[in-house]
Amino acid sequence: MRLLLISCFLYISFSAKASQIALIIDDMGNNEKDAMAFTLPSNVTFAILPNKHLSKIFSKRATAQQREVILHMPMESLAGNNQEKNVLLSNMPPTQIVKMLKIALSTVPDAVGVNNHMGSRLTQLTLPMSVTMEFLSEQGLFFVDSRTTRYTKAEAIAKKNGVLSAKRNVFIDHIPSSEQIDKQFHRLLSLSKKHGYAVGIAHPYPQTLEYLKVHLQTLQKHGIELVKLSDVLSSGSTYAYHSNTKSQPISPAPKFQSSMKSKSR
Ligand SMILES: [Zn+2]
């Protein structure tokens, strides 16, 4: 009986705490139209692309709203197409990676963290990820792994370097149809209920922004709280969620990695 009472009490106190979601709008700064996202609640984080004419303007404007800003750093993808000009590549020496991160950060001056734009190749590679995380650790910036491949090592390497981190659990608008957006948004809610929190990434597509504007207002009804990204960071292990998105491990490892490995600590 006593045990039952205790477990009832534990259950009630546990369920009294609202589940949390953190939401990131990626790819900000590509387009003047992205400015529509500024009407979203200020707990929604903006991941701003560097080296764009809107990068600094969006960074300042978001910060004036008390909104968290992160640098959306372009990283090499497996396909290697549609890449940004100033993308981190797997054949770059560590000094070049650091130089490009510094330049990128100077164009998103209010960034308190970083997440990857693309990066299905680069985030699988130990050396460039270690260089990146060492730099973020020195700068006191956190990292969110966008998980563009299930073989990413980014979050594990962030933790190894003492960088506070999180990972994306759900892409809201990977397929930007209204049915899929609704389905993915509800997946985000159910994951947050199951695990206590969940991190979603969306894009500044008009249909996504319209959807979010309406549905973020209904969170309270679901017992869910929209929190800032920095509220769900962790230095310990976080839960993984794999969707059915196709990705592939790099095999064999690119040449530069094996030759550099012997030199690394
Ligand atoms: Zn992106």
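Where is the place of Asn82? Asn82 lies in the loop between β3 and α3. Helices (H or I, at least four residues) and strands (E, at least two) are DSSP runs, numbered from the N terminus. We return to that loop after the strands and the core.

This is a predicted model, in which local features need pLDDT of at least 70, side-chain atom pairs count only at pLDDT 80 or more, and totals for chains, interfaces and linings use all residues. Residues are numbered from 1 along each chain as its sequence is written. The score pLDDT is the predictor's confidence in each residue, from 0 to 100. Its average over the chain is 89, and 85% of the residues score at least 70. One stretch needs care. Over residues 252–265, pLDDT stays under 50. The model has 9 contacts beyond four places in sequence for that stretch. Where pLDDT is low, the predicted coordinates should not be read in detail.

Now the overall picture. The chain has 8 helices and 9 strands. Of its 265 residues, 42% count as buried. A residue is buried if 20 or more other C-beta atoms lie within 10 Å of its own, exposed if 12 or fewer, and partly exposed in between, with C-beta atoms placed from the backbone. Two residues are in contact if their C-beta atoms, placed from the backbone, lie within 7 Å. Among contacts in the chain with a separation of 6 or more, 70% are between residues 24 or more positions apart.

Start with strand β1 (residues 19–28). In β1, 9 of the 10 residues are buried, so the strand is largely enclosed by the rest of the structure. Two strands pair if DSSP finds at least two bridges between them. β1 runs parallel to β2, with 3 bridges joining them. Ile24 stands opposite Thr45 in β2, and Ile25 stands opposite Phe46. β1 also runs parallel to strand β8 (residues 197–202), through 6 bridges. There, Gln20 stands opposite Tyr197. Strand β9 (residues 224–226) pairs with β1 too, in the parallel sense over 3 bridges. The partner of Ile21 in β9 is Leu226.

Move on to β2 (residues 45–48). Thr45 and Ala47 point one way from this strand. Phe46 and Ile48 point the other way. All four of these residues are buried. β2 pairs with strand β3 (residues 69–75) in the parallel sense, over 3 bridges. Ala47 has Ile70 as its bridge partner in β3.

The buried residues of α2 are Ser55, Phe58, Ser59 and Ala62. Seen down the axis of α2, they fall within an arc of 105 degrees, so they line one face of the helix. The arc is that of the directions from the helix axis to the C-beta atoms. The cover over these residues includes β1, β2, β3 and α3 (94–107).

Next, the core. A nonpolar core is a set of buried Ala, Val, Leu, Ile, Met, Phe, Trp, Tyr and Cys residues joined through C-beta atoms within 7 Å. The largest one has 63 residues. Those with the most contacts inside it are Ile21, Phe46, Ile48 and Phe143. β1 gives the most to this core, with 6 residues. In soluble globular proteins, nonpolar side chains tend to be buried together. Beyond four places in sequence, Phe143 touches Gly113, Val114, Met133, Leu136, Ala154, Ala158, Val163 and Ser165.

Finally, the loops. Gln66 follows α2 and is found in the loop between α2 and β3. Its phi is positive, near 65 degrees, in a residue other than glycine. Gln66 is exposed, with 9 other C-beta atoms within 10 Å. Asn82 also is not a glycine, and has a positive phi of about 50 degrees. Asn82 is exposed, with 7 other C-beta atoms within 10 Å. Glu84 is found in the loop between β3 and α3. Glu84 is partly exposed, with 18 other C-beta atoms within 10 Å. Leaving aside neighbours within four places in sequence, Glu84 is in contact with Leu49, Pro74 and His117. The C-alpha atoms of Glu84 and Asn51 are separated by 9.6 Å, and the two are 33 residues apart along the chain.
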